[in-house]
Each structure stands twice: as C-alpha cells, then as structure tokens.
Amino acid sequence: MGQIAATTRGTLFARLAAIVFFAELAHGMLLYGIIPELIGASEYILFGIHHVDGLELAGYCLAAYVIAELIFKLPAGHLVDHHGPDVPVRVGLLLSLATVPLIILFPDPHVRLVSAFVHGLGAAPIWPGIISAWTRGRSARERGEIMGQILTWWMAGLGLGLILGNVLVGLTGRAELAATYTPVALWVVAVIAALWPGERLGYP
C-alpha cells in the first residue's frame, strides 16, 4: 500500500514538474526572446494617437502580461483553495495556449497587448495550483523542500526558455519559425501533463 502511494506521488510530482517546466520554458521563449524579435524596429500607433517603436511595444506587452498575472494571482489562489487545483490550472493553461497564436500571427499592436494580458491571466493559477497540489497532505517539515523543488523547475524552465528563444532567433535569422511552432508545442506538452488521465492534481 505504501509502495502504491509512493508511486502515485512520484507520478503526480512528474506531472507537476512538467507543467511548471514546459509552461515557463514557453514563457521565457515567447516573452523575452521571440516577442521583441517579432515586433522588430517598426513604429506602431496605439489607440490612434500614441506612436511607439518596437522596443516600447515589446515592453508594453511584457508589462501587460506581468500586471495581469499579478492582479489575478490572489483570485486564482482563492479559486484553488475553494475548488482544488484541477480546474483553475487546466483552464489557465488552455487560456494561455489560445493566446500564443494571437500574439504571434496578428501584427496589430492592440491584439498583441490584449493577448499578452489574457496570457498573464491564464498563467495566474499555475503557481498557486502547483503549490497546492504538491503540498496537500504533506507535513510542515517537507514544505520547504517542496517549494525548493518546484522553484527549481520553474527557474530552469524560464532561464532555458530565455536562452533557447534567443538562440533559435539567432540561428534562423528570423523569428517566424521558432515563434510559430515552438511555444505552442511547449504549451501543448504542459496541457497534456495537466490533462493526463489518472489521479487528479493534488489528490495523491
């Protein structure tokens, strides 16, 4: 019985680590490598009056993502506490996945800004959901180690994504190939890990 429980916990942790790692890998590639390259050095008009260059627009997209995730992190945690991590994490991943093609394929600056904001909204439940799922039923002594494990996968994904995004852009000379396929594929892997049949997230 103990061996079965240990195997179940191991499977759950592998799923949670995959969600965090691949989601943050996609974030790092998209937000810090590919979006600045996609937007380029062109000039854009926001709201019909405000002229911005590509670097400013990339900064606004990143800010929209961060602000949305920050604003909705507390409500997302509330949802996780009251309804469990399954639905918030899965819906958030699917929502973020849906915005990636919009950011990539639609050059209109307003579409990219709104999509980046919604992408941040979708990312908000991931961190509280993963923490809740992996700490449920664990002793207080184990929680520091658990936080360290999850943070390690999070930082590894984000850092590697930042590097790979710039490497792919540099190798291709253009961002279209890397931007169109790689972040979407990474998000799909994270979604598959969240939707994988078996034990529900946080219920080992």
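Colleague: How many nonpolar, polar and charged residues does the lining of the largest pocket have?

Modeller: That lining comprises 11 nonpolar, 1 polar and 3 charged residues. Here Ala, Val, Leu, Ile, Met, Phe, Trp, Tyr, Cys and Pro count as nonpolar, Asp, Glu, Lys and Arg as charged, and the others, Gly among them, as polar. The model is predicted: local features need pLDDT of at least 70 and side-chain atom pairs pLDDT 80 or more, while totals for chains, interfaces and linings use all residues. Residues are numbered from 1 along each chain as its sequence is written, and side-chain values use heavy atoms, without hydrogens or water.

Colleague: What volume does the largest pocket have, and which residues are closest to its centre?

Modeller: Rolling a probe the size of a water molecule over the atoms shows where empty space is left. A pocket is an open set of points on a 1 Å grid over the protein atoms alone, where a 1.4 Å probe fits, with protein on both sides within 12 Å along at least five of seven lines; lining residues have an atom within 4 Å of a point. In this case the volume (the space filled by probe spheres set on the points, which are joined across faces, edges and corners) is about 270 Å³. Of its 15 lining residues, E24, H27, Y65, E69 and W154 are closest to the centre. The most, 5 residues, come from α1.

Colleague: How many residues line the second largest pocket?

Modeller: It has 14 lining residues, with A76, L79, P88, V91 and P125 nearest its centre. Helices α2, α3 and α4 each give two or more residues to this lining. Its volume is about 190 Å³, and the lining has 11 nonpolar, 3 polar and no charged residues.

Definitions and conventions: Helices (H or I, at least four residues) and strands (E, at least two) are DSSP runs, numbered from the N terminus.
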